[in-house]
Amino acid sequence: MANINKDYYGGVLMIVLGLGTVFKSMGYHIGSLAHMGPGYFPAAIGVLLAISGVLIAISGIGKTHHLSKEALPPEWRGWLCIIGGIIAFIVLGEFTGLLPATFAIVFISAMGDRKNTVKAAVILSIAMSIVAVVVFWWALQLQFPLVRWG
């Protein structure tokens, strides 16, 4: 049986990531709220992440969670599906465009959940593909073709 304090360690990880983001954003022009530079948004998100991490770490002080090996079965299916979805997005995005790549990443990643059905994954993939087209292709006019062959 292992003793862990996941809230404390998760909060510390968030603090480290937030401060790292703030540190890296200092290499860019920060600007002001009225005239934001390219480093403003990453710095603001980093500060919010670090503050959230402090609050989570403080709430985790004194808590201990007892876990046994039976309580945490390995979730290899989820890991493999998420990694496979990302790889499929990269490959399909390069050769077939935004629409097939978005459908593939959502479908493959959704299949990582043991409770998901193929029908639910297809419906979610279609819905997210529509959202991706509206947000990234139409609204943001991302230079990523919707569909292309080769």
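Gln141 is exposed in this predicted model, with a relative accessible area of 57%, where exposed means over 50% relative accessible area, buried under 20% and partly exposed in between, for a 1.4 Å probe and protein chains only. Gln141 is found in the segment after H5, and its phi is near 50°, a positive value in a residue other than glycine. Most residues other than glycine have a negative phi. The model is a predicted one, in which local features need pLDDT of at least 70 and side-chain atom pairs count only at pLDDT 80 or more, whereas totals for chains, interfaces and linings use all residues. Residues are numbered from 1 along each chain as its sequence is written, and side-chain values use heavy atoms, with hydrogens and water left out.

The secondary structure of the protein comes to five helices and two strands, which run β-α-α-β-α-α-α from the N terminus on; helices (H or I, at least four residues) and strands (E, at least two) are DSSP runs, numbered from the N terminus. Of the 150 residues in the protein, 23% are buried. Among contacts (heavy atoms within 4.5 Å) between residues at least 6 apart in sequence, 64% join residues at least 24 apart. The unreviewed UniProt entry places the feature "transmembrane region" at residues 12–31, 43–62, 82–108 and 120–140, although such annotations may be inferred rather than shown by experiment. Over residues 12–31 the chain is 70% helix and 0% strand, with the end C-alpha atoms 28 Å apart, and over residues 120–140 the chain is 95% helix and 0% strand, with the end C-alpha atoms 28 Å apart.

Helix H3 (residues 76–95) and helix H4 (residues 98–110) pack at an angle of about 170°, with their axes 8 Å apart, the axes being lines fitted to C-alpha atoms over the stretch in contact and the angles running from 0 to 180 degrees between N-to-C directions. H3 is therefore roughly antiparallel to H4, a term that applies to angles over 145 degrees. On the H3 side the contact includes Cys81, Ile82, Ala88, Phe89 and Leu92, which meet H4 residues including Pro100, Ala101, Ile105 and Ile108. By class, the contact of H3 with H4 has eleven nonpolar, five polar and no charged residues, with Ala, Val, Leu, Ile, Met, Phe, Trp, Tyr, Cys and Pro counted as nonpolar, Asp, Glu, Lys and Arg as charged, and the others, Gly among them, as polar.

In the loop between H3 and H4 lies Thr96, which counts as buried at 15% relative accessibility. Leaving aside its neighbours within four places in sequence, Thr96 is in contact with Ala101, Leu146, Val147 and Arg148. Thr96 and Arg148 are 52 residues apart in sequence, yet 4.7 Å apart in space, C-alpha to C-alpha.

Three aromatic pairs are counted, a pair being rings of Phe, Tyr and Trp (its six-membered ring) with centres within 6.5 Å, and with planes under 30 degrees apart counted as stacked, over 60 as edge-to-face and the rest as tilted. Tyr8 and Tyr9 form an edge-to-face pair, at 5.4 Å centre to centre and 75° between the planes; Tyr8 is partly exposed at 34%, whereas Tyr9 is exposed at 56%. Phe89 and Phe144 also form an edge-to-face pair, at 6.5 Å centre to centre and 90° between the planes. Phe89 lies in helix H3 and Phe144 in the segment after helix H5 (118–139), so the pair ties together parts that are 55 residues apart in sequence. Phe89 is partly exposed at 28% relative accessibility, while Phe144 is buried at 18%.

Conventions:
Angles under 35 degrees count as roughly parallel, over 145 as roughly antiparallel, 65 to 115 as roughly perpendicular and the rest as oblique.
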